[in-house]
Amino acid sequence: TMNLSHHIILSVMITLALMSSGSKVIALDNGLGLTPQMGWSTWNYFACEINETIIMEIANALVSNGMKDVGYTYINIDDCWQGERNSTGHITPDSERFPHGMAYLADYVHSLGLKLGIYTDAGVLTCQRRPGSFDHEEKDAQTYASWGIDYLKEDWCYAYIEDPPKRYAIMSKALNETGRPIFFSLCDWGTDKPWKWGPTVGNSFRTTKDIADNWDSFLFNLDHQIDIASYSTIGGWNDPDMLEVGNGGMTNTEYTSQFSLWSLLNAPLIAGNDLRNMDQETLSILSAPEVIAINQDPLGVQGKLVRSINGGLAQVWARPLADGSRAVVLFNRDTSSASIQLEWADIWLMSGDQMTVRDLWERQDLGVFTGSYLSLNIPSHGCVML
Ligand code: GLA
């Protein structure tokens with residue numbers, strides 16, 4: 001164990017080094033997103049086939065299965081909820097799918113102690129060709145606030161030649177002017193390097209194209225976080241897109257890797273599966289308390305790739321934590337199992353330091369080690385999180 005002063009000096013040095021490596025901008029001051037947002041969204045599983053019954057059933061499930069208790073808060077309605085823009089220019093919900101309206105749904109979700117999110121688009125149409133918010137930002141923000149909406153995702157379809165920072169700033173200001181705290185999630189798919197300006201405008205910003213429920217898509221989005229880790233900040237998080245855990249296109253080993261790495265990256269933890277029908281293993285991946293604690297660590301420093309081995313088939317990802325410890329993912333991208341050795345130099349420690357190593361998935365200490373820790377037989381496409 002390091003002595004205290006050694007420990008403090010090292011922690012300060014690491015934090016300064018990590019924080020100065022990107023050009024930080026001051027985060028949007030709406031008081032939200034102090035840790036990455038956690039919740040659920042309709043898009044990955046239901047896509048356009050949504051209605052109020054699904055939303056209410058999912059909200060019920062998220063409470064009864066314990067996900068609310070481990071931090072999931074937002075129930076987010078993605079594209080396809082909109083009906084028409086009426087004669088006064090106000091957006092209305094699709095009356096077949098949401099017959100009681102959005103305020104009714106918000107009240108219901110609030111009665112469970114959860115928050116309700118919806119979706120719009122900075123262009124004239126959403127990606128599914130429902131009405132967008134272009135030139136209606138003030139009116140739409142007021143409408144959302146009047147319904148009791150807590151979260152807005154704004155997409156970038158049909159925005160043509162608009163400039164993302166300028167267009168998103170209009171909605172950002174309109175949301176702030178409602179006086180209601182509304183988490184603002186930007187979704188320009190990384191088109192205009194939102195990590196450079198996003199924190200002043202929104203609480204999180206998509207950095208890549210849409211995730212799909214397969215291994216290659218997961219790796220594509222993961223690898224695009226490597227160069228931008230230092231831009232992420234408290235209140236303005238990089239968003240590599242939602243979780244696919246439980247959707248069936250990957251193995252549970254692969255889903256465990258997505259959940260581990262998204263947690264290490266301070267990514268939003270937005271589940272995207274049918275919470276009403278999921279097996280115990282899916283629930284235990286989504287609910288892993290010590291993994292979620294890394295995602296929600298108050299230091300808010302995004303993890304990054306610190307070492308690549310064997311042509312990138314074995315990787316060490318790491319980040320510092322508020323209490324001076326470190327979080328590590330040893331990630332085996334190979335097609336066969338592999339052993340990966342963590343070196344103390346990977347995690348900003350001296351080789352002589354003695355450290356207690358804990359397995360965050362198994363939730364048990366592995367012992368006290370000096371200089372390195374060798375993890376044996378990590379399954380193909382799997383990881384160990386320490
Ligand atoms: C875009 C977004 C997705 C989703 C769909 C909805 O593709 O990137 O996350 O919101 O639109 O149409």
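Author: The model is predicted, with local features needing pLDDT of at least 70 and side-chain atom pairs pLDDT 80 or more, while totals for chains, interfaces and linings use all residues. Residues are numbered from 1 along each chain as its sequence is written, and side-chain values use heavy atoms, leaving out hydrogens and water.

Start with the spacing. Contact itself (heavy atoms within 4.5 Å) involves 26 residues of domain 1 and 23 residues of domain 2. Together the domains bury about 2,000 Å². That is accessible area, taken with a 1.4 Å probe, that two parts lose on being put together, summed over both. Carbon and sulfur atoms carry 70% of it. Three residues stand out on domain 1: Leu264, Glu290 and Ile294 supply 32% of the area it buries against domain 2, more than any other three residues.

Next come the charged pairs. A salt bridge here is a side-chain nitrogen of Lys or Arg within 4 Å of a carboxyl oxygen of Asp or Glu. The rule finds three salt bridges across the interface of domain 1 and domain 2. Asp223 forms a salt bridge with Arg333. Their closest N and O atoms are 2.8 Å apart.

Which elements line the domain 1 side? Those giving two or more residues are α8 (215–223), α9 (252–264), α10 (280–286) and α11 (289–295). Helices are DSSP runs (H or I, at least four residues), numbered from the N terminus. The most comes from α9, with nine residues. By type, the residues on this side of domain 1 divide into 15 nonpolar, eight polar and three charged. Nonpolar means Ala, Val, Leu, Ile, Met, Phe, Trp, Tyr, Cys and Pro; charged means Asp, Glu, Lys and Arg; the others, Gly among them, are polar.
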